[in-house]
Each structure stands twice: as structure tokens, then as C-alpha cells.
Amino acid sequence: MTMGCPRSTTLVAALLYLAYYLRCCVKDLAVRSPAVGALAANRMPAYLYRSNNDTKLLAHLARAATAGADEPAFLAPACAAGPPSFNELVKARMARDRRPVLAALTDKQLVKRWAELRGVRTPEVLFASKTCAVPEIGADAYAFKATHTTGCLVLVEGGRVVGHKPCGERRLAPGSRVTPELLATLCARWTRTMYDVTQWAYSKLTPGVVAERLVYRTDGATPADDVKCFAFRGRTALVQHVTHRFDAASGRPRGARKRDTFHDPRSGRRLPVAVDRQPAGAGLAPARVRQARDVCDGLARGLDFARIDLFDAGASFFLGEVTVYPKRGEHAFEPSAVDGELGRAWCRQGNATR
Ligand SMILES: *[C@@H]1O[C@H](CO)[C@@H](O)[C@H](O)[C@H]1NC(C)=O
């Protein structure tokens with residue numbers, strides 16, 4: 001039996017959700033009141049995680065990997081309500097879709113099991129901890145990240161910080177030394193609170209951290225680019241190739257050199273599409289896009305929608321993460337019709353087995 005009182009936990013969660021949704025209207029109050037300010041920063045006490053259970057989530061994940069996930073109840077009415085919008089469907093999923101498999105896929109450690117079941121490699125885990133016990137890692141290049149939330153990521157090469165996506169803490173200067181004590185401190189901070197109460201899937205996870213070896217291209221020196229597939233029932237509808245995710249000088253994500261290039265998954269050719277005003281780059285060779293698509297299709301099988309985030313290691317692809325709420329339904333697509341096209345792909349039935 002778990003400790004605590006589920007009913008009061010639910011009540012506290014409901015109040016925090018309410019406070020979150022009201023925060024736009026109480027911004028002035030938030031400045032004056034530390035309590036409301038804490039809520040506005042999406043902080044939620046860790047005891048609300050207490051009844052979460054990785055073993056149960058893994059069982060849901062294994063079932064969905066074999067039989068496919070259940071069709072979500074929210075989808076048919078949302079699709080019937082008007083012309084489908086991808087962003088609106090992401091928001092509807094956040095508000096109403098409560099399938100445990102979404103939570104399992106969101107966990108950055110549990111999702112590795114999904115990849116394993118589908119025969120796709122994942123980056124090597126140097127260590128994982130739920131208790132912030134951090135060993136000495138040495139000179140390996142790795143990403144140190146929270147498994148239970150978004151952001152909260154430090155990239156380390158040769159024992160020094162090369163990138164940092166903070167989630168509330170002060171930014172680490174690039175080149176600063178990484179010690180087990182520093183990582184333990186970050187872990188303690190990251191696992192103490194829940195960061196975004198609107199993204200339901202995160203609220204079902206058990207806080208933890210993982211350090212995984214960075215993936216390089218076959219030359220062993222160039223970091224792997226990201227390839228992200230918007231995939232619906234095992235069918236990739238759009239491929240996004242991302243380079244220079246972190247700025248080398250500042251260590252910040254979304255640096256001036258970051259490029260987001262979109263491709264048609266069938267032909268592999270570039271598409272005149274942009275998201276969130278990011279400039280396009282050279283993109284990938286069409287044959288490589290089609291290879292990524294095949295890997296994504298396999299990983300997305302049995303899921304109404306998932307964004308499959310791969311690393312392009314040159315000779316193979318690794319699964320990085322599965323994203324179930326891309327940009328929380330706030331992507332600015334250009335042309336804007338892409339939002340409708342992706343929405344229609346999500347609403348289209350019957351392509352579950354391909
Ligand atoms: C999690 O669930 C499993 C299976 O239902 C159970 O055996 C286990 O004791 C639970 N773990 C915790 C920490 O509650």
C-alpha cells in the first residue's frame with residue numbers, strides 16, 4: 001500500500017491546476033505573493049509523485065508495444081468538432097488523454113524499453129539514479145538529464161559543460177567543470193518539484209536522472225544531428241532535421257546556427273516548411289530521410305500520434321526520446337496549413353497496421 005490520502009492528493013492537484021490556469025489573470029498578484037508566485041512557476045511538491053509506479057508504467061508500455069495502444073477517447077469527438085488542427089489536438093490530448101502509455105513513453109528512461117521492443121538502439125546509459133547518487137564519470141561525453149520532465153539537461157564533454165537547458169536553476173557557464181557534487185545538486189533540485197502541471201504525462205512519472213553517452217556520427221567527432229518524425233499510427237507525415245541545437249559559445253539551446261529543415265517522408269525531398277521562425281539548412285539526403293522514416297514508422301506503430309526523436313549516427317539511428325506533446329500545442333507552422341494537414345493525419349483512421 002502507498003502512504004498518504006489519495007483524495008486530498010487529488011484535491012491539492014486540482015487546486016494547483018486551477019491556480020496554473022488562472023495565473024495569466026493573477027500575474028500582478030503573483031509578483032506580490034510568494035505562494036502564488038511559486039504556483040506560477042509550475043512548482044508542485046514531490047509528494048504528489050509518491051504513488052507513481054514505474055513497474056506499472058512498464059507493464060502498460062509492454063502491452064501497447066505488442067497490441068498497440070488503445071484508441072484515445074478524446075480523439076473522435078475532437079476530430080468531429082471542426083477542421084482538425086494539430087496544435088488543438090495536442091492541447092486536447094494534454095487536457096483529456098489519460099492513457100498510462102503516454103506517461104511511460106514520456107519517461108526518458110522507460111522509453112528505452114519501447115525502443116528495445118522495436119529493435120532500435122538507444123544511447124548507452126552511463127548511470128541512472130532516482131536518489132541522486134552520482135558516480136565519478138570521467139572524460140566521457142554525455143547528456144545528463146531529468147527523466148521525468150522536459151528541459152533540465154546538461155551536455156558534458158571532457159568533464160566540462162558544453163550545453164545547458166536549465167529548468168529554473170542558474171545557467172552553467174560553458175567550460176565550467178562538472179563534478180559529481182554539481183550533478184548531485186542539480187539532481188536534487190530537478191527531482192524536488194514537478195515543473196509543468198499542464199503536461200499530464202509528466203505527473204505520472206517517478207523523478208530521476210540519467211547520464212547517457214552522446215551519440216556521434218561515424219567519424220567519431222561530429223555530434224549526431226536530431227531527426228524528428230511527426231508520425232501517426234506508424235506512418236510518418238513529416239520529417240524535421242535539426243542541426244546545431246546548442247550554441248557552442250554560450251552553451252544555450254536554440255543558438256544562431258540552429259537549423260530546422262523539413263522533408264517529405266515519401267520522396268525525402270525538402271519542403272518549404274518552417275516552425276517557430278527557425279531558418280532552414282541544407283537538410284538531409286533524400287535516401288537518408290527515407291531511412292529515418294522507416295525507423296520512425298516502426299517506433300510509432302500502434303500509437304495514434306507520437307513525435308519520434310532520433311539521433312542520426314551516420315550508419316544507424318538511435319531513439320532519443322518520444323514526445324507526446326510537441327511544444328505543448330504551440331508550434332507556429334509556416335505555412336499555417338501544415339497545422340491542418342498534421343491534424344487531418346491524426347484524425348485519419350485505419351492506417352494502424354502498415
Ligand atoms: C508498483 O506496482 C507493482 C505491481 O503492481 C508492485 O508489485 C510494487 O510493489 C509497486 N511498487 C511500489 C513502490 O509501490
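Start your tour by selecting Glu-169, which sits in the loop between strand 5 (160-165) and helix 9 (180-192). Helices (H or I, at least four residues) and strands (E, at least two) are DSSP runs, numbered from the N terminus. This is a predicted model, where local features need pLDDT of at least 70 and side-chain atom pairs count only at pLDDT 80 or more, while totals for chains, interfaces and linings use all residues. Residues are numbered from 1 along each chain as its sequence is written, and side-chain values use heavy atoms, with hydrogens and water left out.

**Stop 1: around Glu-169**

Is Glu-169 buried or exposed? With a relative accessible area of 11%, Glu-169 is buried (buried is under 20%, exposed over 50%, partly exposed in between, with a 1.4 Å probe and protein chains only). Now show Trp-190: its side chain makes a polar contact with the side chain of Glu-169 at 3.2 Å. A polar contact is a pair of N or O atoms within 3.5 Å; within protein, one must be able to donate a hydrogen and the other to accept it, and residues adjacent in sequence count only if both atoms are side-chain atoms. Next, find the backbone nitrogen of Cys-167, 3.1 Å from a polar atom of the Glu-169 side chain.

**Stop 2**

Colour the strands and look for an open sheet of 5 strands, in the order 2-7-3-4-5, with antiparallel pairing. Two strands pair if DSSP finds at least two bridges between them. At the edges are strand 2 (125-129) and strand 5, each pairing on one side only. Zoom in on strand 2 and strand 7 (residues 209-213), which run antiparallel and are joined by 4 bridges. Here Phe-127 stands opposite Ala-211 in strand 7.

**Stop 3: salt bridges**

Side chains of opposite charge can pair when their charged atoms come close. A salt bridge is a side-chain nitrogen of Lys or Arg within 4 Å of a carboxyl oxygen of Asp or Glu, and the structure holds 20 of them. Select Lys-112 and Glu-212, a salt bridge with its closest N and O atoms 2.5 Å apart. This pair links distant parts of the chain: Lys-112 in helix 8 (residues 111-117) and Glu-212 in strand 7, 100 residues apart. Both Lys-112 and Glu-212 are buried.

Then pick Arg-213, which forms a salt bridge with Glu-124. Arg-213 is partly exposed at 30% relative accessible area, and Glu-124 is partly exposed at 43%. Finish with Arg-93, Asp-97, Arg-99 and Asp-304, linked in a network of salt bridges.
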